[in-house]
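Have the viewer open as you read.

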Amino acid sequence: MRLWKSAWSAAIIIPAAFLAIFFLYPTATMLWRGIWDGGLDLGGVGNVLAESRTWKVVWQTVLQAALGTAGAILLGVPSAYILYRVRFPFQKVARAAATIPFVLPTVVVGVAFRALLGRGGPLEFLGLDQTVTAVVIALTYFNYAVVVRTVGTMWQTLDPRSAQAARTLGASPSRAFLTVTLPQLAPAIASAGAIVFLFCSTSYGLVRTLGSPGYGTLETEIWRETTAMLDTRTAAVLSILQVVIVILTLIVSEKLSSRTAGRLNLRSHHVSPIGKSDAPAAVFTGLVLVVLITSPIISLVARSLTVDGEWSLKNYRLLATSGQGFSGGSSVLEAIGNSLRIGLVATLISLAIGVPLALVLSRQVRGPLRTGQSFLSGAILLPLGVSAVTVGFGFSIALDSPPLDLRNSPLLIPIAQAVVALPLVVRSLTPTLSSIAPGRREAAATLGASPWRVLATIDGPFLVRGIGVAIGFAYATSLGEFGATSFLARPDTQTLPVMIVRLLGRPGGDNYGMAMAGAVILAILAAGIMAAAEAARKDPQ
């Protein structure tokens with residue numbers, strides 16, 4: 001029993017220490033450097049808050065995030081039903097296709113939409129190039145998979161007998177959905193909505209590649225003030241505003257979850273064959289996958305295979321080089337190897353920290369423990385809300401001297417990417433583990449099972465079910481991470497997203513074509529990883 005208690009303590013202390021050392025400390029160092037000038041001086045805070053541009057940037061950040069979240073939920077919930085609740089041929093292919101937008105690097109998504117909506121693109125006539133509307137559509141596109149997978153995983157565990165009882169009593173299909181199924185799905189929708197809003201409000205690479213229309217966002221404004229204006233104080237104040245938005249989002253998310261979460265009647269797994277009544281949702285999902293999801297990818301692939309208006313593989317042959325106008329540095333092929341190796345290490349780190357934490361957060365506790373659990377659940381999302389640019393810059397200035405001198409450590413970039421991926425691992429595992437009825441653990445313990453046996457036989461099968469999704473999210477996030485890695489990568493450790501932006505930043509048709517070809521290869525790698533993770537999923541017996 002003593003070993004059991006020690007293990008639970010370690011499951012709380014180690015993740016908390018990891019976040020404190022590799023997230024709070026670098027972020028606080030960055031903010032402190034911005035507002036400390038031989039003494040605490042908050043005069044700059046008032047000046048920044050008094051500027052009308054600041055509030056215009058905040059308003060645009062919140063508006064874009066809200067619209068992107070609403071779009072992802074409206075498109076994702078029907079697709080979650082079709083892709084997870086019913087069964088049809090080639091379903092795994094459809095799931096992998098729905099996941100592709102999320103695993104694409106944000107910079108590649110932005111470039112793909114520029115190719116689709118910009119000059120010479122198939123949708124140029126819409127006039128949406130470099131507009132806020134284009135940014136909202138791209139945010140919806142990028143986060144569609146988050147809603148589909150989060151809600152779908154919960155949906156397939158719901159016991160259908162409640163909705164069937166409502167239909168038997170005379171309720172129409174829509175009424176049965178609105179009054180029975182939707183309230184049961186509300187916690188998963190609220191959880192997915194919170195994650196999507198945080199992604200949208202902290203989008204950096206995507207907004208930049210779409211031209212930062214309007215006043216931009218807090219992320220692009222932080223980058224502009226830090227690198228272009230060299231005004232770290234203003235950047236620090238903007239970072240504080242961003243943290244405030246994150247905290248408010250977490251509070252609203254927790255309140256929504258606590259109000260909507262109830263005692264759900266869950267079965268281990270329920271999937272039925274697709275029927276005629278599923279036709280509207282199936283057609284809707286098909287249109288989303290074909291029109292919204294594939295069109296930017298097709299444009300990207302076409303550009304990668306086009307040289308001077310003719311089909312060619314030249315862009316792919318050039319991947320063995322570092323591009324035009326560069327003296328040395330990694331080739332694109334070497335960057336691909338770096339991405340795979342660094343992403344694997346980052347995934348292992350995030351799982352080592354996230355799995356014990358998810359087990360802790362999935363337990364039902366009362367009193368002060370409940371308050372502490374809610375605080376820990378909210379704190380784990382903070383890395384999603386704070387600018388990746390801030391995290392990367394904080395790493396570069398906080399972890400470069402004893403006792404934390406990691407400048408030359410091969411673990412520096414994997415740790416930074418694990419910090420970003422950790423919330424996704426925890427959030428993807430917790431809903432599945434929380435769906436276990438507490439009575440099952442109590443019954444096993446009453447029958448004489450030890451705590452370790454209860455963990456292995458009750459929690460274990462549900463953990464196996466969710467671990468594939470967690471691995472996929474963690475690896476895909478690491479492969480596409482750009483904001484923090486761009487600060488930390490050396491010439492010999494550049495990852496593929498960093499290399500793509502590097503190529504796009506230099507003029508020349510060859511560089512642009514190589515960036516497109518590299519993005520296509522990254523999409524294939526990421527889709528393959530998610531497909532493998534999906535195939536590794538097992539249902540508990």
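Predicted model: local features only at pLDDT ≥ 70, side-chain atom pairs only at ≥ 80, totals over all residues.

## The largest cavity

By class, the largest cavity is lined by 18 nonpolar, nine polar and two charged residues. Residues are numbered from 1 along each chain as its sequence is written, and side-chain values use heavy atoms, with hydrogens and water left out.

The largest cavity has a volume of about 480 Å³. Of its 29 lining residues, Thr106, Phe142, Phe199, Thr202 and Val420 are the closest to the centre. A cavity here is a set of points on a 1 Å grid over the protein atoms alone where a 1.4 Å probe fits but cannot get out, and lining residues have an atom within 4 Å of a point. Grid points are joined across faces, edges and corners, and the volume is the space filled by probe spheres set on the points. Which elements each supply at least two residues of this lining? They are α4, α6 (132–155), α8, α9 (205–209), α16 (382–385), α18 (412–434) and α20 (451–480). The helices (H or I, at least four residues) and strands (E, at least two) are DSSP runs, numbered from the N terminus.

## The second largest cavity

In total, the structure holds four cavities of 30 Å³ or more. The second largest cavity has a volume of about 150 Å³. It is lined by 15 residues, and the closest to its centre are Thr150, Thr153, Ser428, Pro431 and Thr432. Two or more lining residues come from each of α6, α18 and α20. The lining of the second largest cavity divides into four nonpolar, seven polar and four charged residues.

## An open pocket

Now for a space that is open: a pocket is an open set of points with protein on both sides within 12 Å along at least five of seven lines. The second largest pocket has a volume of about 900 Å³. Tyr81, Trp155, Pro173, Phe177 and Asp278 are the closest to its centre, out of 28 lining residues.

Which helix gives the most to this lining? That's α8, with eight residues. The elements that each supply at least two residues are α3 (52–85), α7 (161–168), α8 (173–201) and α12 (279–304). By class, the second largest pocket has 16 nonpolar, eight polar and four charged lining residues.

## Salt bridges

Side chains of opposite charge can pair when their charged atoms come close. With a salt bridge taken as a side-chain nitrogen of Lys or Arg within 4 Å of a carboxyl oxygen of Asp or Glu, the count comes to three. Arg53 and Glu221 meet in one of them, at 3.0 Å, N to O. This pair links distant parts of the chain, with Arg53 in α3 and Glu221 in α10 (residues 218–228), 168 residues apart. Arg53 is partly exposed at 31% relative accessible area, whereas Glu221 is buried at 5%. Those labels use a 1.4 Å probe and protein chains only: buried is under 20%, exposed is over 50%, and partly exposed is in between.

Lys314 and Asp510 also meet in a salt bridge, at 3.4 Å, N to O. Lys314 lies in α13 (residues 314–317) and Asp510 in α23 (residues 509–535), so the pair ties together parts that are 196 residues apart in sequence. Lys314 is partly exposed at 30%, and Asp510 is buried at 19%. Arg490 and Asp492 also form a salt bridge, at 3.4 Å, N to O. Arg490 is partly exposed at 32%, and Asp492 is partly exposed at 47%.

## Out on the surface

Ile240, Val244, Ile247, Leu248 and Ile251 form a nonpolar surface patch with about 410 Å² of accessible area together. Patches are made of residues with over 30% relative accessible area and no salt bridge, with nonpolar side chains (Val, Leu, Ile, Met, Phe, Trp, Tyr) joined within 5 Å and like charges within 9 Å. Areas come from the Shrake-Rupley method with a 1.4 Å probe, and for residues only the protein chains shown count as cover. Leu248 lies in α11 (residues 232–260) and is exposed at 52%.

Phe90 has a positive phi of about 60 degrees although it is not a glycine. Phe90 is in the loop between β1 (86–87) and α4 (91–103), and counts as exposed at 70%. Asp308, also not a glycine, has a positive phi of about 55 degrees. Asp308 sits in the loop between β3 (306–307) and β4 (310–311), exposed at 78%.

How values were computed: Nonpolar A, V, L, I, M, F, W, Y, C, P; charged D, E, K, R; others polar.
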